[in-house]
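Dear colleague,

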Amino acid sequence: MSYNLVWFKRDLRLHDHAPLWQACRHGPVQCLYIIEPSLWAAADAASQHYLFLRESLLDLDLALRKRGGGLRVEIGAAVDVLELLWRQAPFAALYSHQETGNWLSFQRDLAVQRWCQMRRLTWHEYPQFGVVRRLRDRDLWQAEWEKLMAANCLEAPTAGQWLQPELPMTLPEPQTLGLTQPDPPQRQQGGRRQGIETLRDFLFERSRAYRGGISSPLSAPTACSRLSPYLAFGCLSLREVVQASRRQIAALPQGDPRRAGLTAFVSRLYWHCHFIQKLESEPELEFRNMHRGYDGLREADWNPHHFQALIDGRTGWPLVDACVAMLKQTGWLNFRMRAMLVSVASYPLWLHWQPVGHWLARQFLDYEPGIHWSQMQMQAGTTGINATRVYNPIKQARDHDPHGHFVRHWLPAMRRVPQAWLFEPWRMPARLQQQCGVKVGVDIAEPPVDLEIATRQAKARLYAVRGKAEVKAAKAAIVAKHGSRQRPAPRRKARSASGWIQTELEF
Ligand SMILES: Cc1cc2nc3c(=O)[nH]c(=O)nc-3n(C[C@H](O)[C@H](O)[C@H](O)COP(=O)(O)OP(=O)(O)OC[C@H]3O[C@@H](n4cnc5c(N)ncnc54)[C@H](O)[C@@H]3O)c2cc1C
């Protein structure tokens, strides 16, 4: 008996799952997940991603079993696994979502495509985000996004002929795949059920604090939706989140703060796809400057001591080090603090965005290559089309953690530092250090550079490139390919919320 093979990738749900829905309409279905060691050995993979994945797979398997099916999990290169399954029992067609992943998964998909051609097999691929494959024109992109988000969500199939896996699902330990990073003790748990709970809690309660609450690292952990890992692993479909938010906006009375919060939130869901589209249209963005005129800007100046200080949380700038400490504990940070970390790495520390991006990809539970690499380049100033945004970590601390609650929570030594020295503790006189029991260079790091001077020099180097005639001339083609076509909002509005919208609207 022939069957259809549904290959689950970063879409770990049954609900609003077009490949599963379509495969079920056309005969018996086998559900497959492939654990690919080469992807887990890559520089952007970490234990926390794998553990979140495992939790999500267990949830998915349970949901399938309730319907009489189950998830078959295989370990190996995708083409080898497909060939193995084919030899055991040829399947009629392969079904999956399109994936805009990293360079490795892109190459893997090309290999699977060749294998399908060789086996004369149809591979039905469906979009799962508002990301358009082989996009010709950005002008129509927004309308496409709206169309996709307005279409009906698909129910999880109830009636289907499911092929049961012969063996119960066994999932290897992270170490077997060479994953040895510590699991952040406070990271979010995987699975659709956790995703739904997080969504409900946000729609009905936490969204009231979204506007005004997402920039400070103190309020952001509860004011932000915290849906990013569930979207990145596909435990929730983007469309169901957009539709649920819009329903809630319509149901809430005028003036309810949740309305404004959810409206701003939906605009982020639009940016989610806008950024992923960039990597879809140009997969090389993972390792090549979006604007080639910036090639050579930082490559030759790699400073391992600066990088080490950053990843150890020992830059001496309290807000930066506290953010690194929080990341290690939770696997999450809000947008503004992510942007500040990259800004500090790219300007005063003058580090190239790629190794920093690999380190951050491992720290972020919600690592989504399309958003991540586009944002890395945007914050590092190598897109050539965005305004240069340099976040001063001392100013950010004054604005968003003026009383030091955040830094004192994450950096215990800061609890002994008097308020007057909160923002620049390395300047404390030796006598005072002795009095309060904090030694600069031991308990608290000393910044590796003078922030003001190093930032000024970095900007000058960037502007020298930006000012070149040929660099200016090459901008138009990048705007045509990657630029947003959203009409600029009135200036006052654009400055609200986190402030980053303004930058994007400058395209
Ligand atoms: C250097 C850098 C790297 C980043 N890497 C990632 C990443 O790997 N994965 C990821 O999901 N987000 C990334 N972001 C964007 C943003 O910081 C996170 O989406 C957000 O902090 C996740 O928390 P949340 O779901 O509570 O956000 P919310 O504010 O509740 O936003 C809801 C959703 O909208 C999308 N979104 C929000 N902000 C942005 C944005 N600026 N650009 C694109 N989409 C956005 C995300 O899918 C997010 O889950 C990055 C930002 C920066 C500056």
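The ligand is surrounded by 29 residues, and the closest of them are Tyr210, Ser225, Arg226, Asp366 and Glu368; a residue counts here if one of its heavy atoms lies within 4 Å of the ligand. This is a predicted model, in which local features need pLDDT of at least 70 and side-chain atom pairs count only at pLDDT 80 or more, while totals for chains, interfaces and linings use all residues. Residues are numbered from 1 along each chain as its sequence is written, and side-chain values use heavy atoms, with hydrogens and water left out.

By class, the shell around the ligand holds 18 nonpolar, six polar and five charged residues, where Asp, Glu, Lys and Arg count as charged, Ala, Val, Leu, Ile, Met, Phe, Trp, Tyr, Cys and Pro as nonpolar, and the others, Gly among them, as polar.

Polar contacts, meaning pairs of N or O atoms within 3.5 Å, include one between an oxygen atom of the ligand and a polar backbone atom of Glu368, 2.9 Å apart. A nitrogen atom of the ligand lies 3.2 Å from a side-chain N or O atom of His372.

Domain 2 (191–281) and domain 3 (285–473), with bounds from an automatic or database domain assignment, both give residues to this shell, so the ligand lies between them.

Best wishes

Note on methods
Polar contact = N/O pair within 3.5 Å; in protein donor to acceptor, adjacent residues only side chain to side chain.
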